[in-house]
Amino acid sequence: MDYMTKSKFASYIDHTLLAPTASVKQISQLCDEAQRYGFASVCVNPVYVKLAAETLAASSVKVCTVIGFPLGASTSSVKAFEARDAIKNGAREIDMVIDVGAIKEGRLSNAEADIAAVVQACREEGEKCGKNIIVKVILETCFLSDGEVVDACKCARKAGADFVKTSTGFANPKSLDGNSLPNGASEHHVKLMRETVGSEMGVKASGGIRSVRTAITMLEAGASRIGTSSGVSLMENWDESVNIKAAY
């Protein structure tokens with residue numbers, strides 16, 4: 001069992017602010033915090049990609065954005081255009097939402113083609129700017145059965161994506177009696193996703209990760225990236241005695 005250092009832990013975090021009310025001041029602060037702690041990226045809505053890219057131009061922190069967010073119900077051509085535009089504005093990581101309905105109905109060829117359209121757009125735009133663009137596929141696991149999670153992972157792998165990701169954090173699943181159900185990352189889903197994609201792809205756990213212990217649990221389950229809006233809190237509450245069984 002290895003001990004996790006604070007700086008190593010920071011390198012797994014996508015420091016996230018996707019609130020519709022996010023301001024220029026807040027995005028600037030997000031970027032400053034990411035540089036201070038050494039996070040992997042900032043994850044912002046497309047409207048703020050250019051600002052984040054300009055702010056982080058001299059930094060190793062990457063700019064990540066979301067595509068087809070949060071429903072995944074845009075057409076493939078719109079998702080591809082949105083991804084191209086984001087890359088032109090400075091995004092280097094693209095988190096796209098899968099066509100959840102296609103997965104639920106077993107239309108796996110449609111789901112795969114949807115992902116492939118974004119992957120192709122990212123590869124082409126990345127080549128133009130001489131950058132390697134990372135594509136993460138958000139499955140929205142709270143809406144999927146285990147079998148559907150496996151199917152979605154396989155679609156992402158076949159389409160050439162780099163990561164699969166658990167959640168948007170914006171879903172609101174409900175039971176038949178109208179009560180809210182869990183909507184974020186779970187240890188179970190992360191393990192299932194890692195088992196399905198193997199070691200060749202990344203797994204991003206996101207949604208509801210607000211404590212160091214939860215984040216470490218996700219890393220031990222097989223996550224290689226953590227998406228959270230609580231990055232600063234995690235760093236401020238870091239305990240150097242934290243150890244970890246495995247990390248990708």
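Two strands pair if DSSP finds at least two bridges between them; strands (E, at least two residues) and helices (H or I, at least four residues) are DSSP runs, numbered from the N terminus. The model is predicted: local features need pLDDT of at least 70, side-chain atom pairs count only at pLDDT 80 or more, and totals for chains, interfaces and linings use all residues. Residues are numbered from 1 along each chain as its sequence is written, and side-chain values use heavy atoms, without hydrogens and water.

**View 1. Eight strands close into a barrel.** Their order is S2-S3-S4-S5-S6-S7-S8-S9, and the pairing is parallel. Val44 stands opposite Thr65 in S4.

**View 2. Val42 belongs to the largest nonpolar core.** Such a core is a set of buried Ala, Val, Leu, Ile, Met, Phe, Trp, Tyr and Cys residues joined through side-chain atoms within 4.5 Å; buried means under 20% relative accessible area, exposed over 50%, and partly exposed in between (1.4 Å probe, protein chains only). This core has 75 residues, and Phe9, Val42, Ile94, Ile115 and Leu139 have the most contacts inside it. Beyond its neighbours within four places in sequence, Val42 is in contact (heavy atoms within 4.5 Å) with residues including His15, Leu30, Ala52 and Val63.

**View 3. Helix H6 has buried and exposed residues.** Among the buried residues are Ala111, Ile115, Val118 and Cys122. They pack against helix H4 (76–88), strand S5 (93–97), helix H5 (100–104), strand S6 (134–138) and helix H7 (146–158). The face turned away from the buried side carries the exposed residues Ser109, Glu127 and Lys128. Gly130, whose phi is positive, near 70 degrees, follows H6.
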